Amino acid sequence: MRRLSLAQARHLALAAQGFGGPAGGAPPDWAAQHRTIKRLQLLQIDSVNVVTRSHYLPLFSRLGPYDTALLDARTLAPRGRALFECWAHEASFVPLAMHPLMRWRMDRARAGNSRYKSMRDFATREAGFLARTLDFVADNGPTATADLPEGAKSEGGWWGWGRGKMALEVLFEQGRLTIAARPGFTRLYDLPERVIPPEILALPTPPEAEVFAELTLRAATALGIGTAFDLRDYFRLPPAEARKALETLLADGRLVPVEVAGWPAPAYMLDGAKIPRQAGGDALLSPFDPLVWDRGRAERLFNFHYRIEIYTPAARRRFGYYVLPFLMGETLAGRVCLKADRQAGMLRANALHVEDGFAPAEVAPRMVAQLHAMAGWLGLEGVALGAAGNLATAARKAS
């Protein structure tokens, strides 16, 4: 079995994730954005808008300032789409060509095997209401929860959803509805045949064994290197099926096992993958960026202990409410709690921290440079540096 140093594993991971060097040159056009999305396989969606919608951030981290309207036109608008929404890692925008690979979860949900017990129970208990909701959308076109004639009001159930929202989400998970548009980020649900291009819907659905092998291979390509759990978790594959898929890919030689220094479990990489001598760059990362969304992997790769503290009571937070890790070169050297204060026109860095073993005088100017780049990209006038955190003083000196 091949043995890799931790630095080699980092280089593989960073290069695979699109951190091959510093961003620069002309503002990225749609072709550059699309290449990056296909490299990552998906953009995870999250509703928190403290800085900006999370799916915008991975492209900024890799490409620098870009025109989000180009991305919106292919994700949120009703025409000209190149991506569609589905459950992947979590709710995600995924390239249209991957639609056949993502039908397995829709088919299982439709057969009563949703990954969420609350949705399984609702589908059984509210079959008639689901049918009426589907008929309403079929008759009326793109539908928001508030448009439904019944069940639109929140009833304090799962995530505070009412019956109408739950029905639409169950139908979405089952693939009987899809997302047509997102005006103001509000989901509009519609029939797939009115949203997904017919040539995509006509593509055959591969057998599940082929799907899981392909998704595992895509995960390995996007990650560069990963444990069996890393590969399974990228698309949240079922454990038993993911294990068989990995065995298949190892048997036919498309993946090879490797040992990474300090990792307790074996890792896997593409056969013949070349290890870059260097990789990385300076970037602020979304909490839902594929480089860090698996907190255990971030700790193994970068010795970076990261937990999102949105749901932690304020008095118990260590680093802040919405905290972005800071990639400096090939390491995670700090983190910053950010808020886009659009009324004041400022990007507020409420708390800035440097990791143990890094010099504040080195980290601060590079982080501050990224903060100013982000503020400009967001259309804000400047950066307001707070006084909290062990990097705050150095950051103010560097600004």
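This is a predicted model: local features need pLDDT of at least 70, side-chain atom pairs count only at pLDDT 80 or more; totals for chains, interfaces and linings use all residues.
Next, select residues 239–251, which form helix H12 itself: its 13 residues reach 18 Å from the first C-alpha to the last, close to the 18 Å expected at 1.5 Å a residue. Within this helix, colour Ala-242, Ala-245, Leu-246 and Leu-249, which are its buried residues. If you look down the axis of H12, these buried residues fall within an arc of 100 degrees, so they line one face of the helix. An α-helix has 3.6 residues a turn, so residues three or four places apart point the same way.

Now turn to the face of H12 that looks away from the buried side, where you will find the exposed residues Arg-243, Lys-244, Glu-247 and Ala-251. Just after the helix, select Gly-253, which takes a positive phi of about 85 degrees.

For the last stop, select helix H1 (residues 6–16) together with helix H13 (residues 295–302), whose axes come within 9 Å and cross at roughly 130 degrees. Because the angle lies between 115 and 145 degrees, H1 counts as oblique to H13. To see what makes the contact, show Leu-6, Ala-9, Arg-10, Ala-13 and Leu-14 on H1, and Arg-297, Arg-300, Leu-301 and Phe-302 on H13.

Note on methods
Residues are numbered from 1 along each chain as its sequence is written. Side-chain values use heavy atoms; hydrogens and water are left out. Axes are lines fitted to C-alpha atoms, for helices over the stretch in contact, and angles run from 0 to 180 degrees between N-to-C directions. Helices (H or I, at least four residues) and strands (E, at least two) are DSSP runs, numbered from the N terminus. Angles under 35 degrees count as roughly parallel, over 145 as roughly antiparallel, 65 to 115 as roughly perpendicular and the rest as oblique. Contact means heavy atoms within 4.5 Å. The expected span of a helix is 1.5 Å times one less than its number of residues. Buried means under 20% relative accessible area, exposed over 50%, partly exposed in between (1.4 Å probe, protein chains only). The arc is that of the directions from the helix axis to the C-beta atoms.
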